[in-house]
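The exercises below are meant to be worked with the sequence and the coordinates open side by side. Try each task before reading its solution.

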Amino acid sequence: MAQRLPGLNPVKTLTTDRRRTPDTRLPQKAVPFSKARPKSRNFSSLRLSAMASQSQDQKKHSPLDALINGSRKDEVSEAIRSSMSNCLSETNLHLTVPGLKSKTRGKVRDIYDGGDYLVLVTTDRQSAFDRILASIPFKGQVLNETSLWWFDKTKHITSNAVVASPDKNVTIAKKCSVFPVEFVVRGFVTGSTDTSLWTVYRKGIRNYCGNALPDGLLKNQRLPANILTPTTKAADHDVPVTPKEIVEGGLMTQDDYDEVSTKALKLFEYGQRVASEHGLILVDTKYEFGKAEDGSILLIDEVHTPDSSRYWIAQSYDGRFQNGLEPENVDKEFLRLWFKDHCNPYEDEVLPEAPEELVAELAWRYIFLYETITNSTFEMPLTKEPVHDRISRNVASALSSL
């Protein structure tokens, strides 16, 4: 593998401007540290509260108001509650679909070898802290359809591996050699996992994955510039790595790393712009890439889903940040925090069962995000047919015609 050229990827030094307040529009300016004093967090309520100073007219068509209440939430919540017992937690298509050779079980996706193609089934499993926490109704469908939308919208930035989608939970993809690196892109100092930027920053680390971070940053503050914090797998957890370690360790060539890192940052910038147009903030995300037989680099796995990404409500971010409150989020962070408050999710052998109201809330947030970003209505299955039976039928039909 090629060796990294000295100086080609110098350590980035981020600077802050303490004189300006944050702005949710792009580009973001830094907050004055003297005015932003963190206060204690309150996670006692699942419902999000709008800023008191907002007028009723402002809230009428806002993403925050739509997330909190309304007839659509009532409609979707009823369907979610009635589907709790029909989640897709496990698949065994290799036993029911002719031509599928083997199964690889990921955290969320079950991947089947279909000969010339891979069949990726997105389940309803909810993962965090490198383990499964729960099953979320409709989650697999939301993630699959959200990714397909973004795959289509980002073709101007990079090619992808998508071939077809024969089912709401399924993507058939080209085979490729997957790079053993996840490209995590961050725009804010936040997070609660061991590899999150806020966790390591709070410990005093100021050089992370090749990025030099300034002193004085607060939790949930926007970074002066978006940064890459790649990770690779070690046993059962993610390990942060620098660009130099990636190349010198033979994980990628210098040319491949340069191309992928450029694409990752462009994808994130585009995602932030789209999110901003819909009243949301794309806080951070992760991308995976592979190389096809012809040598081209392909975007794979998922794109800008609420599982791989963190989203906040833009209209309330400034006020809540200034008051030391957690941002109103549209992702799984509140579920992570619930588990951290009730157990040690990294070390406890048995985890507590997530309350049904948390599971239902997360399912709604995932659907809300899909509808907000895509400007389309999420179509829930009309029948009570077991999800696995439906998927088996649709995949078998698709493979026979490829």
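## Charges over rings

**Exercise 1.** In this predicted model, find which ring has R206 over its face, and at what distance from the ring centre.

*Solution.* Begin at R206, which lies over the face of Y201 at 3.7 Å from the centre of that ring. Then turn to R365, whose charged end sits over the ring of F334, 4.1 Å from the ring centre.

## Aromatic pairs

**Exercise 2.** Classify the geometry of the pair formed by F129 and Y346, and work out which parts of the chain the pair ties together.

*Solution.* The structure holds 14 aromatic pairs, and one of them joins F129 and Y346, with 5.2 Å from centre to centre and 80° between the planes. Planes over 60 degrees apart count as edge-to-face, and F129 with Y346 is accordingly an edge-to-face pair. Finally, consider accessibility: F129 counts as buried at 5% relative accessibility, whereas Y346, with a relative accessible area of 31%, is partly exposed.

## Nonpolar cores

**Exercise 3.** Identify which residues touch the most other members of the largest nonpolar core.

*Solution.* The largest nonpolar core has 66 residues, of which F183, Y287, F289, Y311 and F339 touch the most other members. The element that gives the most to this core is α10, with 12 residues. Taking F183 as an example and leaving aside residues up to four places away in sequence, its contacts include L228, M252, Y257, V260 and A264. Apart from this core lies another, of 14 residues, among them L88, L93, V97 and Y112.

## A helix

**Exercise 4.** Decide whether helix α4 is largely enclosed or largely open.

*Solution.* Helix α4 (residues 139–153) has 15 residues and reaches 21 Å from its first C-alpha to its last, close to the expected 21 Å. Of its 15 residues, 11 are buried, so α4 is largely enclosed by the rest of the structure. The buried residues include V142, L143, W150 and F151, as well as K139 and E145.

Technical notes: Residues are numbered from 1 along each chain as its sequence is written. This is a predicted model: local features need pLDDT of at least 70, side-chain atom pairs count only at pLDDT 80 or more; totals for chains, interfaces and linings use all residues. Side-chain values use heavy atoms; hydrogens and water are left out. Rings of Phe, Tyr and Trp (its six-membered ring) pair if their centres lie within 6.5 Å; planes under 30 degrees apart count as stacked, over 60 as edge-to-face and the rest as tilted. Helices (H or I, at least four residues) and strands (E, at least two) are DSSP runs, numbered from the N terminus. Buried means under 20% relative accessible area, exposed over 50%, partly exposed in between (1.4 Å probe, protein chains only). A charge sits over a ring if NZ of Lys or CZ of Arg is within 6 Å of the ring centre and within 35 degrees of the ring normal. A nonpolar core is a set of buried Ala, Val, Leu, Ile, Met, Phe, Trp, Tyr and Cys residues joined through side-chain atoms within 4.5 Å. Contact means heavy atoms within 4.5 Å. The expected span of a helix is 1.5 Å times one less than its number of residues.
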